Amino acid sequence: MVCWMCLSASKRVVGTLNEEKEGKMRGRKRDKIYLDDLRVMGVVGIFDWEKDTKKEISISYEIDHDNVSAAREDVIEATTDYKAISKSIMQLVEEKQVCFSRDVCRKDCTEVVLRDFDVNWITLKVSKPGAIRYSKDVGVIIERSKLDYE
């Protein structure tokens, strides 16, 4: 089932993100850091039976990273601390009583990462492995930038 409101909102955000990415990339290269399939236990779903127990949630993300500056300065502080970002995301998901995967993406995790870390944009994928029989997983992918939270 497709959430048309989410799809419509995502198209508007993607347009903004693409424009922002292009603006930042003109004249210089931008690098990305990604993390794939971080497994976290959390309560996710809309039905009462889904809220009874914690289930495995898969989280993947991609963030901007200026590797050129980090390499030039040659100090760990100039890099993006993806371990701290991952821990922050895990803590949010594990502590939340009940969440919907789109809420985890849209508000909680993306907002915290963009606010607390030197990151300009994030693409976040939250999925529920095995939620639909005969499929690997189902979930949402949401892109946000700092501009979305100003």
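I began with helix α3, residues 82–95: its 14 residues reach 20 Å from first C-alpha to last, close to the 20 Å expected at 1.5 Å a residue. The expected span is 1.5 Å times one less than the number of residues. I took helices (H or I, at least four residues) and strands (E, at least two) as DSSP runs, numbered from the N terminus.

The model is predicted, so I kept local features to pLDDT of at least 70 and side-chain atom pairs to pLDDT 80 or more, while totals for chains, interfaces and linings use all residues. Residues are numbered from 1 along each chain as its sequence is written, and side-chain values use heavy atoms, with hydrogens and water left out.

**Entry 1: faces of α3.** I looked up which residues of α3 are buried, and found I85, S86, S88, I89 and V93. These residues cover an arc of only 160° around the axis, which puts them on the same side of α3. The arc is that of the directions from the helix axis to the C-beta atoms. Buried here means under 20% relative accessible area, exposed over 50%, and partly exposed in between (1.4 Å probe, protein chains only). On the face of α3 turned away from the buried side I noted the exposed residues K83, K87 and E95. An α-helix has 3.6 residues a turn, so residues three or four places apart point the same way.

**Entry 2: salt bridges.** I searched the whole structure and found four salt bridges. The criterion is a side-chain nitrogen of Lys or Arg within 4 Å of a carboxyl oxygen of Asp or Glu. Side chains of opposite charge can pair when their charged atoms come close.

One of them joins the side chains of K32 and E62, at 3.3 Å from N to O. K32 lies in strand β1 and E62 in strand β2, so this pair ties together parts that are 30 residues apart in sequence. E62 is partly exposed, at 26% relative accessible area.

I then turned to R39. Its side chain meets that of D37 in a salt bridge, 2.6 Å from N to O. R39 is partly exposed at 36% relative accessible area, and D37 is partly exposed at 32%. R39 also forms a salt bridge with E56, with the closest N and O atoms 2.6 Å apart. That pair links distant parts of the chain, E56 in strand β2 and R39 in strand β1, 17 residues apart. E56 counts as partly exposed, at 37% relative accessibility. I recorded D37, R39 and E56 as one network, joined by salt bridges that share partners.

**Entry 3: the β1–β2 loop.** Where does W49 lie? I placed W49 in the loop between β1 (31–42) and β2 (55–65). W49 is exposed, with a relative accessible area of 59%. With I46 and F47, W49 forms a nonpolar surface patch of about 370 Å² of accessible area together. Patches are made of residues with over 30% relative accessible area and no salt bridge; like charges are joined within 9 Å, nonpolar side chains (Val, Leu, Ile, Met, Phe, Trp, Tyr) within 5 Å. Areas come from the Shrake-Rupley method with a 1.4 Å probe, and for residues only the protein chains shown count as cover.

Entry 4: I found T123 in strand β3 (residues 121–129), where T123 is buried at 16% relative accessible area. The T123 side chain makes a polar contact with the side chain of E143, at 3.1 Å. A polar contact is a pair of N or O atoms within 3.5 Å; within protein, one must be able to donate a hydrogen and the other to accept it, and residues adjacent in sequence count only if both atoms are side-chain atoms.

S145 is in strand β4 (residues 137–145) and counts as buried, at 0% relative accessibility. I noted 8.4 Å between the C-alpha atoms of S145 and T110, which are 35 residues apart along the chain.
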